[in-house]
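Please look over the structure shown here before reading my notes on it.

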Amino acid sequence: MTSVAIDLPFTKRTLGNGLDVIVHEDRHIPIVAVNVWYHVGSKNERPGRTGFAHLFEHLMFEGSEHYNAGYFPPLQQAGALLNGSTNADRTNYWEVVPTSAIDRALWMESDRMGFLLPALTRERFETQRDVVLNERRQSYENRPYGMVMMALSAALYPADHPYSWMTIGSAEDIRAMQLEDVQEFFRTYYHPANASLVLAGDLDTERAFDLAEAYFGEIPTGIRPKAVVNGAELLVEQRLVLEDRVELPRIYLAWHSPAMFAGGDAEMDLLGDLLANGKTSRLYKTLVYDLRMALDVSGYQSSREIGSFFLLVATAAPGHTLTEVAARIDDELRRVVTEGPTVDEIDRAVAQAEAHFMYRLQTVGGFGGKSDQLNAYNVLQGNPGFFAADLERYRHATRESLQAAARAYLPLDRRVVISVIPRRQHALALEGSTAVSVS
Amino acid sequence: VTRIDRSRLPEVSADPRFTFPAIVRHRLRNGLRVCSVEHHSVPVITFILQVDSGSGADPDQLEGLAALVADMADEGTGTLSALEVSDALSRIGADYDVDVGGDATEFSLTTLTRFASRGASLLADMVTRPRLMESDFARVRQLRLDRLRQLKDVASAVAEQTFLRLVYGPHPYAHLAIGTDAGLRRVTPDDVVAFHARAFESSRATLIVCGAMRHEDLLKQAEDAFGGWASSGADAIGRLASEVEPIGTPVTRLAVVEREAAAQSELRIGHLSTRRVTPEYPALLVMNAVLGGQFVSRVNLKLREEKGYTYGARTSFDWRRGISPFALQTSVHTASTADAIADSLTEIADVRGTRPPTAEEMSLAKASLTRGYPRGFETAQQVARSVAMMSLYGLPDTYFEEFVPKVNAVTNADVVDAAARYLDPLRLTTLIVGDYSAISESLRSLNLGDPQLHPAAF
């Protein structure tokens, strides 16, 4: 297969207050993407205060000192699309605006970076706390299999490890939050030295830097928070069982794996594809297509800053047990460890990766657009120009490197295995599973 | 560098000029309509093959057939087995997707332009020469039956399916594409073959090709791949769903699907409205934006930002060629169910005249609909989908250019008129999927009559 030259060009400068500014020109459509990452996520929280980073993200949309009303109306008036999100490692905020509205977007985005607290009232805080509790009910509590990732996170990591809780946090912690905690959180994490700004789209690079300086240059710097460091290791296979409002039992198998961009991370990503992505993947073909033992199979490397996990999931088809399904999965894992993948399988997975890198160049803004990617590389890799190198990691993967990764990171005797079963049907769980409950 | 003025918001300058993509239309000898659109930002190409039968074409008692047939397109073609098709798609990094709507089924394939002809010929094979083997049929149908069984636990899916059944009554649009357990169980392999033969007819299908090539090359891709698709001359299946007049709901009512100990109540409040092609479409679009179509709409500001009852609430029209439903949808904390319903009913009633949109609301709704419009033309896939939408509803080629001026011409009176005509508080169906025993007492305060209990409509 011929290699395609694909790249994501940019210019980066750092303002006097420590704010990284990255500019990427793309004049196809008269729109500009504004994208800000704060290097803070749920991994900066501590036990008893979980869910904090995400609740905070909600408050960023409630108004700031110089526009003390909702964040949405003046931007929607300008034709903007906007949103934000929080995960374990970072919080991002973005607007995509017509070229004519770039000043307004930067004014609003800089006002909440520099002047949020004067507008933050107890009433707004309490309403958003209720909204977040409802988000938790809607996205986790009231959804089939919705609580399993909480149980999985708690089982994969010790209680003081920041990946042991999910970004949404515990309902109890969310209820206990105080306005004063929020103010302290803002001062610690929301300042230029802990942020990165990308402007991408229909604008001139020099003008973009002038605008960034004009709007963000006056915001006082802060102390860059210390990196969170925490190790975790699994020494045995831990089997758990979780009851849920579901019709069919499902099994989740999880392992620790190399951190984002670390050696072996791309290999694990490719292993996820060739084991469980698409009809030709080994597990789908065996479990769903040939044996009709499972209803679905999925799997992926969940890459994160201080340590990833690799996950395989399969739902047992009616008439089949999780024990049968797990045994087949283990057979396939043994096979990939002893024989390695075929060259053909790797070619296919790499071809898909290459195409998807190209597809990633189609949009300037929003989640996963070019502006978001530049920030991801800058904040998590320290180099916004990592796009091409990132693709090279996949092109360089070999049969040997994939086999080595499978051997090192997918041991059958050191992992977490959770059986999710319909209420009161414990016999459907894998033998030797301990009951776990999450709320 | 001068410091900026924080005492007031920067004005937005004149809207940038944007040229909407030109659509060139062709017709192949087998009658297939082809729309080509050039899109040159990234070397990517999207094909969408639109077949004019969707879930509304499911024969009576065979709900789910159209989606099952569409699902079998990639289960093997003339020379390739199901796994070989999947393998071939992976090798060109194809993004393949099937969307079964009420009136049409769309097969879309996006790939790199250097794989364009391979992608086009795979798509053509899947759509025009699927194997439709009995063994694949049995496997695919069983997977869909099992999926239906799982959907019974998904509150939002239960609400969608039950709401359609309630507002349409007996009607071809009254079910989701996945169908029903009873319907899928009745489907035979012969039904699949017969449905494919009649519904997949070149002279009633449309192919949209959008990507980084010149029009003549895009057309060549279409001709090379689809030119050999022989027209069978088959007539459309039965009566078109869009021409079946729904009975509709005469009175307001309250319906409940029990979901024991649910943390939230999933709500749908609405009724049938009108067709997508109504001349009042721009007014309805603005009305919906004010009422519940965006973050700063009345419904979301009330239920989420003021009351904290929910993570989000919105209203929308589920557009079809025929009479389409309008609904408010949200998921609220169980304890707030009755209060949230009362607030929702008030908002729907008030926009009809008691509280018409303010000048500020009108301006905000129009600006967010029109100023952001060019954003929807960034990728080949987005453009192809827009053209497919135009084809589905028979909209003119001038549609993109006319959209912004038409929305901007909508007046306050137009919105109130449209709301008065198409929102009727006396005909609303309020559906709750939630913990009935926890909320039944509080529902009395709504004065919506005794709730009717329904099973999950799968």
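This is a predicted model: local features need pLDDT of at least 70, side-chain atom pairs count only at pLDDT 80 or more; totals for chains, interfaces and linings use all residues.

1. Residues are numbered from 1 along each chain as its sequence is written, chains are lettered from A and ligands numbered from 1 in the order in which they are written, and side-chain values use heavy atoms, with hydrogens and water left out.

2. Chain B has an open sheet of 6 strands in the order 1-2-6-3-5-4, with mixed pairing. Helices (H or I, at least four residues) and strands (E, at least two) are DSSP runs numbered from the N terminus, and two strands pair if DSSP finds at least two bridges between them. Strand 1 (24-27) and strand 4 (95-100) of chain B each have a single partner strand, so one side of each is left without a neighbour in the sheet.

3. Within this sheet, strand 2 (residues 33-38) and strand 6 (residues 205-211) of chain B run parallel and are joined by 6 bridges. B:Val37 stands opposite B:Cys210 in strand 6 of chain B. Contact means heavy atoms within 4.5 Å. Helix 3 (residues 116-128) of chain B lies across strand 3, strand 4 and strand 5 of chain B.

4. Another open sheet of 6 strands in chain B has the order 9-10-8-11-7-12, again with mixed pairing. Strand 9 (310-317) and strand 12 (452-454) of chain B stand at its edges, each with a single partner strand, so one side of each lacks a neighbour in the sheet. Strand 8 (residues 264-272) and strand 11 (residues 429-434) of chain B pair in the antiparallel sense over 5 bridges, and B:Arg268 stands opposite B:Leu431 in strand 11 of chain B.

5. Helix 10 (residues 298-306) of chain B lies across strand 9 and strand 10 (325-333) of chain B, running at about 160° to strand 9 of chain B. Helix 11 (residues 337-350) of chain B lies across strand 8, strand 10 and strand 11 of chain B, at about 25° to strand 8 of chain B. Axes are lines fitted to C-alpha atoms, for helices over the stretch in contact, and angles run from 0 to 180 degrees between N-to-C directions.

6. Which residues lie nearest the centre of the largest pocket? They are A:Ala69, A:Gly70, A:Pro73, B:Val296 and B:Leu301, out of 30 lining residues. A pocket is an open set of points on a 1 Å grid over the protein atoms alone, with protein on both sides within 12 Å along at least five of seven lines, whereas a cavity is a set where a 1.4 Å probe fits but cannot get out; lining residues have an atom within 4 Å of a point. The whole structure has 5 cavities of 30 Å³ or more.

7. The contact between the chains takes 81 residues from chain A and 82 residues from chain B.

Notes:
Grid points are joined across faces, edges and corners, and a volume is the space filled by probe spheres set on the points.
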